Amino acid sequence: MSVACGRVTPMNDSSGSPTGLAPDVLAAFETHRRELCAYAYRMLGSSFEAEDAVQETYTRAWKSYDSFEGRASLRSWLYKITTNVCLDMLDGPQRRARPMDLSGPSRPDSPLPAPQPDYVWIEPIPNALAFGADPAEHASTKDTLRLAFVAACQHLPATQRAILIMREVLRFSANETAEALTMSPASVNSALQRARATMSKVQPAATDTYDEADEDQRRLVDDFVKAFEAYDMDTLTTLLKTDVALSMPPIELWISGPENVAAFMLGHGSACRDSRMVRLEGANGLPAFGHYKPGDEPGVWVPWSITVLELDGDTIAGLNFFLDTEKLFPLFGLAPELRESI
């Protein structure tokens, strides 16, 4: 079984015959795909690994479906399998992070360090992979897909991470969580208390979730795009929070403060002058753009980053430029270049 563009397709067996799973079973699997992907993303911090985890979940579910006797709901059973898949994938010391988790801020004229491997970093996830069609569900899950929340979760041991997400995000009962993890409810509750204690230390203060219907937030984002495309740093700095953070994974360096952001963009970041921003449906429940910078050929813009904004009141609190465009632009359905219309 494979997951392609959000749909479940049945595998063939070794003889080349169809799996024989009834269409209604495949359709039932499909209804849970986005929430399972969002769960795996919170666990793993990577949209690509989350999709892999869902694919492996459906493969295991297909192989063992005959033994599924309906003692639990299909949803709970799939979450149990997804949890086991994620725990298998997290079998190691490495945790994903944001640049702000690894070091203090740099000066805007500091030399740019060499990029780190992609497995070091929290990646963005397209809204379309993580959110269902229900607006109420969308609103209730936005906060727990924020980059800061996902990064904070990475500080937890894998089992505590699963327990926190299942209990506090998915609202599973202690008994349901214990069943999924083959633990006692008492052990689940004890681990949850430890996870909460850790999160209280490492989780930063919440920033605003983005509401497309909020006229002030929409204007703030539009003003940012206008200022950035005009490369008007005087205007841009008026939109930024006093402790705004600019980061550029896979580069570890990050910058804090509006004046330092402006100095960086006029120095190391000057290649972004005359950029073009293509509005996306969003990433992590936040406003996001495909960011193209001028190429070598006049009238051609080439991929630079997936840019994700974090908002706080009437200011922008975070400028996240994810530079791994070779992987991320196809994920977000973006063209490999922009050309000036003739």
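Gln160 touches Ala191, Arg194 and Ala195, leaving out residues up to four places away in sequence, where contact means heavy atoms within 4.5 Å. Gln160 is found in helix α9 and, at 12% relative accessibility, counts as buried. Buried means under 20% relative accessible area, exposed over 50%, and partly exposed in between, with a 1.4 Å probe and protein chains only. This is a predicted model: local features need pLDDT of at least 70, side-chain atom pairs count only at pLDDT 80 or more, and totals for chains, interfaces and linings use all residues. Residues are numbered from 1 along each chain as its sequence is written, and side-chain values use heavy atoms, with hydrogens and water left out.

**Overall composition**

- The protein has 15 helices and 9 strands; helices (H or I, at least four residues) and strands (E, at least two) are DSSP runs, numbered from the N terminus.
- Of the 342 residues in the protein, 49% are buried.
- Among contacts in the protein with a separation of 6 or more, 66% come from residues 24 or more positions apart.

**Helix α11**

- Helix α11 (residues 185-202) has 18 residues and reaches 26 Å from its first C-alpha to its last, close to the 26 Å expected at 1.5 Å a residue; the expected span is 1.5 Å times one less than the number of residues.
- Val188, Ala191, Leu192, Ala195 and Met199 are buried in α11.
- These residues cover an arc of only 110 degrees around the axis, which puts them on the same side of α11; the arc is that of the directions from the helix axis to the C-beta atoms.
- The face of α11 turned away from its buried side carries the exposed residues Ala186, Ser200 and Lys201.
- The cover over the buried residues of α11 includes α8 (147-153), α9 (158-169) and α10 (174-181).

- The axes of helix α2 (residues 33-44) and α9 come within 10 Å and cross at roughly 140 degrees; axes are lines fitted to C-alpha atoms, for helices over the stretch in contact, and angles run from 0 to 180 degrees between N-to-C directions.
- This angle makes α2 oblique to α9; angles under 35 degrees count as roughly parallel, over 145 as roughly antiparallel, 65 to 115 as roughly perpendicular and the rest as oblique.
- The crossing of α2 past α9 is right-handed; a crossing is left-handed if the near helix is turned anticlockwise from the far one by less than a right angle, and right-handed if clockwise.
- From α2, Tyr39, Arg42 and Met43 meet residues of α9 including Arg161, Ile165 and Val169.
- The axes of helix α4 (residues 74-89) and α10 come within 9 Å and cross at roughly 50 degrees, and α4 and α10 are therefore oblique to each other.
- The contact involves Ser76, Lys80, Thr83, Asn84 and Leu87 of α4 and Glu176, Glu179, Ala180 and Leu181 of α10.

- Val244 is placed in strand β3 (residues 240-248) and, at 0% relative accessibility, counts as buried.
- Val244 and Ile255 are 11 residues apart in sequence and 8.2 Å apart in space, C-alpha to C-alpha.
- Apart from neighbours within four places in sequence, the contacts of Val244 include Ile255, Val261, Ile316 and Leu319.
- The peptide bond from Pro249 to Pro250 is cis, with omega near 15 degrees, and Pro250 is in the loop between β3 and β4 (251-256).

**Positive phi values**

- Thr182, in the loop between α10 and α11, has phi near 55 degrees, a positive value in a residue other than glycine; at 69% relative accessibility, Thr182 counts as exposed.
- Tyr231, in the loop between α12 (215-230) and α13 (233-238), has phi near 55 degrees; at 6% relative accessibility, Tyr231 counts as buried.
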